[in-house]
Amino acid sequence: MHNERHYPRKKLDRKVMCFTENNREGEMVRSYFFATLVDVSENGIGLQTEQDCNPGDDVWLHESDVALECVPGKVIWTKKSGNSNNLGLCFSVH
C-alpha cells in the first residue's frame, strides 16, 4: 500500500471554530461550525466535525475572535464516521 503522507503528523485534540464562504444570490455568506483538530503537519490538518464538507471546499480556522487570525485550508478528502465527518485539509494561501 502506498503511503500518501508527505509530512509527519502530530496528534492533537483541540476544539476550533471554522467557517466556509458561499455565494448566495450574489452575496458571500459565511457558515460557521465547530470542529476538533485531530492532527497537524507542515502542510495540513485533520479535523473531525458534524459539518458536511466536500473535497475542494475552502475552510478557514479561527484561532480567536479576530478575523485576521484565520488560517485558510482546502478540503482534500472526507470520510464519514458515524454522525461526524473526518476532513483532511491542505494549507492554502488566499
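User: Is Glu25 buried or exposed?

Analyst: Start with the cut-offs. Buried means under 20% relative accessible area, exposed means over 50%, and partly exposed lies in between (1.4 Å probe, protein chains only). At 86% relative accessibility, Glu25 is exposed. Two notes on reading this: the model is predicted, so local features need pLDDT of at least 70 and side-chain atom pairs pLDDT 80 or more, while totals for chains, interfaces and linings take in all residues. Numbering starts from 1 along each chain as its sequence is written, and side-chain values use heavy atoms, without hydrogens or water.

User: Where is Glu25 found, and what is its phi?

Analyst: Most residues other than glycine have a negative phi. Glu25 has a positive phi of about 55 degrees, although it is not a glycine. Glu25 sits in the loop between E1 and E2.

User: How many helices and strands does the chain have?

Analyst: Elements are DSSP runs numbered from the N terminus: helices are H or I with at least four residues, strands are E with at least two. This chain has 0 helices and 6 strands. From the N terminus, the order is β-β-β-β-β-β. Of the 94 residues, 32% are buried. The accessible surface is about 6700 Å², with 49% of it from carbon and sulfur atoms. Those areas come from the Shrake-Rupley method with a 1.4 Å probe, and for residues only the protein chains shown count as cover.

User: What share of contacts in the chain join residues at least 24 apart?

Analyst: A contact means heavy atoms within 4.5 Å. Take the contacts between residues at least 6 apart in sequence: 43% of them join residues at least 24 apart. Val40, in strand E2, gives a case. Leaving out residues up to four places away in sequence, Val40 touches Pro8, Arg9, Lys10, Leu12, Ile45 and Phe91. Val40 itself is partly exposed, at 25% relative accessible area.

User: Which residues in the largest nonpolar core touch the most other members?

Analyst: In soluble globular proteins, nonpolar side chains tend to be buried together. A nonpolar core is a set of buried Ala, Val, Leu, Ile, Met, Phe, Trp, Tyr and Cys residues joined through side-chain atoms within 4.5 Å. The largest one here has 13 residues, and Val16, Cys18, Leu47, Val59, Leu61 and Leu89 touch the most other members. Strands E1 (10-24), E2 (27-40), E3 (44-49), E4 (58-62) and E6 (84-91) each give two or more residues to this core. E2 gives the most, with 3 residues.

User: Where does Val59 lie, and what does Val59 touch?

Analyst: Val59 is in strand E4 and buried, at 0% relative accessible area. Beyond four places in sequence, its contacts include Cys18, Phe19, Phe33, Cys53, Val71, Val75 and Leu89. Lys74 is 15 residues from Val59 in sequence, and their C-alpha atoms are 6.0 Å apart. Leu89 has its own contacts beyond four places, among them Ile45, Leu47, Val59, Leu61, Val75 and Ile76.

User: How many salt bridges does the structure hold?

Analyst: A salt bridge puts a side-chain nitrogen of Lys or Arg within 4 Å of a carboxyl oxygen of Asp or Glu. The structure holds 2. One joins the side chains of Arg30 and Glu21, at 2.9 Å from N to O. Arg30 is partly exposed at 38%, and Glu21 is partly exposed at 28%. In the bridge between Asp58 and Lys74, the closest N and O atoms are 2.8 Å apart. Asp58 lies in strand E4 and Lys74 in strand E5 (residues 70-81), so this pair ties together parts 16 residues apart in sequence. Asp58 is partly exposed at 26%, and Lys74 is partly exposed at 32%.

User: What polar contact does the side chain of Asn85 make?

Analyst: A polar contact is a pair of N or O atoms within 3.5 Å; within protein, one must be able to donate a hydrogen and the other to accept it, and residues adjacent in sequence count only if both atoms are side-chain atoms. The Asn85 side chain pairs with the side chain of Asp52 at 3.2 Å. Asn85 lies in strand E6 and is buried, at 7% relative accessibility. Beyond four places in sequence, Asn85 also touches other residues, including Leu47, Gln48, Thr49, Lys79 and Lys80.

User: Which residues make the nonpolar surface patch?

Analyst: Patch residues have over 30% relative accessible area and no salt bridge; like charges are joined within 9 Å, and nonpolar side chains (Val, Leu, Ile, Met, Phe, Trp, Tyr) within 5 Å. Met17, Tyr32 and Phe34 make a nonpolar patch of about 320 Å². Tyr32 belongs to strand E2 and is partly exposed, at 43% relative accessible area.
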